[in-house]
Amino acid sequence: MSKSENPTLLKGALKSLKRFWLLIIGVVLVITLVIAWPLISNSPVRYADINDHFKYGSIGSEPVNGMPYWIWKVLPAIFPDKLPGEGYASLGFIYEPGQDRPIGFSKRRMFVDRVGLNCAVCHAGTVRDTRDSTPRVITTMPSNTVDLSGYIKLISEVAFDPRFNANRILAEIAAQGEKFNPIQKLIYRYLVIPQTRDALIAQGSLLAFLNNQTAADRGPGRVDTFNPYKSLQFRFPMDQLDPDELIGGADFPSIWNQKPREGLQLHWDGDNDSVDERNLSAALGAGVTPTTVDLDGIQRVADWLWELPAPPYPYEINQNLAAVGKPIYENNCASCHAFGGSKVGKVTPIEEIGTDRYRLDSYTYELLSNQNTLFVGTPRRFKHFRKTNGYANVPLDGVWLRAPYLHNGSVPTLRDLLETPENRPKEFYRGDDVFDQEKVGFVSDVAEDNTNTFFKIDTTITGNFNSGHLYGTDLSPEAKDALVEYMKTL
């Protein structure tokens, strides 16, 4: 070969080498894309059926206040001592066959799969006819078995525990059958697990005040609505607030049949009269932020709830006795509790209603002023919140499913509510889903069954007082029984 041919041969060799490396790089990129694409896409799990969407669909809580799915999944196995029993079900969360997470937990792919809370975590419950019956799931009723405070306590504590480390978490993920590829393992070890630990420590620090307040352990079916909101959303100095302000526990409400509630004073204290704004506020309470809110997901639920009727009473009703109770209801209750009543959806002053005032006092003017800055610059800016001086008179559609009663759930049954406070149960148990057809409520005198230990309510503790609401307490026992029978029809 002559020297004059060498440059051509060299150029050809370089071109071939370049093609070879471009091919290698291309193959690596394709492999990386195939492996990494599931990690870097950003989309919620979608559901065609509205019931499934309500139970498992996203409202936007996963990006900031959610948790990587596989870390969340293995927490009960790593920290069994921080739960009252086996898994999240021991906190009263409802699992359905074929589902990988309980009702109220959504999933979204954001770099990795993440779980968050949605509306159903507070608004889906179960009912059993007898101790041996299979529980029936009823969406949009109050979450009568869910101990949300216990869940918040769990995730606020785990990151401070030395067991929360990459080796332990990755080993447990593998033990549960998930086979991470090498890239996923590296991402979890050096990015996902450390960031999750830091985020949970920060959140736990913000919620530390929950460990020091009276009646902080709410038990199933109740939550402190606004105090965590103050800390997480607005960074209030919780240790500097009046301790009485921090006692804000209240029952989960039902959320069916929203159309006739538009314009009524909503929330237990009547602090808002806009259904849409109330919905958005509740979403923020579930972990959504103004920058992550899934408006389409929330609106889909809102449209479904707009004219969704309350579930009818499923048991036999003594129609003759109910007929006797109807005029008693109309004369004693309807003005405050029937749609169209002169006082329904309006606030009764605390001095008149006489019920426990701590939930009312937990909502302050300072919180109000901060709330009204949310979504500034958009049509969704909050502008309907107001501070009130009492509790709102709520419509009683589906009242049979809304036990225990009063805003703080301090009276176990409708029949008990018709007694004067000194004759109402001073102690009872929450969390049972066996229905009491006679008194209308859930069985409340059983401490435990074969699988559950129920939560004892002491009504002498601040925030749990069962005082007030004396309406109907002067009726005869026979009239009270007739009234309760009629209220089964509402």
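Hi everyone, let's start in the middle of things: the largest nonpolar core here has 64 residues, and Ile71, Leu148, Tyr151, Phe164 and Tyr188 are those with the most contacts inside it. By nonpolar core I mean a set of buried Ala, Val, Leu, Ile, Met, Phe, Trp, Tyr and Cys residues joined through side-chain atoms within 4.5 Å. Buried is under 20% relative accessible area, exposed is over 50%, and partly exposed is in between, using a 1.4 Å probe and protein chains only. Which helix gives the largest share of this core? That is H4, with 7 residues.

Before going on, please keep in mind that this is a predicted model: local features need pLDDT of at least 70, side-chain atom pairs count only at pLDDT 80 or more, and totals for chains, interfaces and linings use all residues. Residues are numbered from 1 along each chain as its sequence is written, and side-chain values use heavy atoms, with hydrogens and water left out. Helices (H or I, at least four residues) and strands (E, at least two) are DSSP runs, numbered from the N terminus.

Now take a look at phenylalanine 164. Leaving aside neighbours within four places in sequence, its contacts (heavy atoms within 4.5 Å) include Ile71, Leu75, Phe79 and Ile169.

Next, a helix pair. H4 and H6 pack with their axes 9 Å apart, at an angle of about 95 degrees. Axes are lines fitted to C-alpha atoms, for helices over the stretch in contact, and angles run from 0 to 180 degrees between N-to-C directions. So H4 is roughly perpendicular to H6; the cut-offs are under 35 degrees for roughly parallel, over 145 for roughly antiparallel, 65 to 115 for roughly perpendicular, and oblique for the rest. On the H4 side, Trp70, Ile71, Val74, Ala77 and Ile78 meet Arg168, Ile169, Glu172 and Ile173 of H6.

Why is H9 called largely enclosed by the rest of the structure? Because 8 of its 11 residues are buried. Among them are Val275, Glu277 and Leu280, and the buried residues of H9 pack against H8, helix H10 (295-305) and H15. After H9 comes glycine 287, with a positive phi near 115 degrees.

H17 (residues 477-487) is also largely enclosed, because 8 of its 11 residues are buried. Its buried residues, including Ala482 and Leu483, pack against helix H11 (319-332) and helix H16 (414-417).

Is lysine 383 buried or exposed? Lysine 383 is exposed, with a relative accessible area of 55%. You will find lysine 383 in the loop between H15 and strand E10 (390-392). Not counting residues up to four places away in sequence, lysine 383 touches Glu277 and Asn372.

On to the strands. E11 (residues 427-430) has Phe428 and Arg430 on a covered face, and Glu427 and Tyr429 on an uncovered one. E11 and strand E14 (residues 455-458) run antiparallel, joined by 4 bridges; two strands pair if DSSP finds at least two bridges between them. In that pairing, phenylalanine 428 has isoleucine 457 as its bridge partner.

Finally, how many disulfides does the structure hold? The number is 0, where a disulfide is a pair of cysteine sulfur atoms within 2.5 Å. For cysteine 119, the nearest cysteine sulfur belongs to cysteine 122, 8.7 Å away. Cysteine 119 is partly exposed, at 22% relative accessible area. Cysteine 333 counts as buried at 13%, and its sulfur is 8.7 Å from that of cysteine 336, the closest one, which is too far for a bond.
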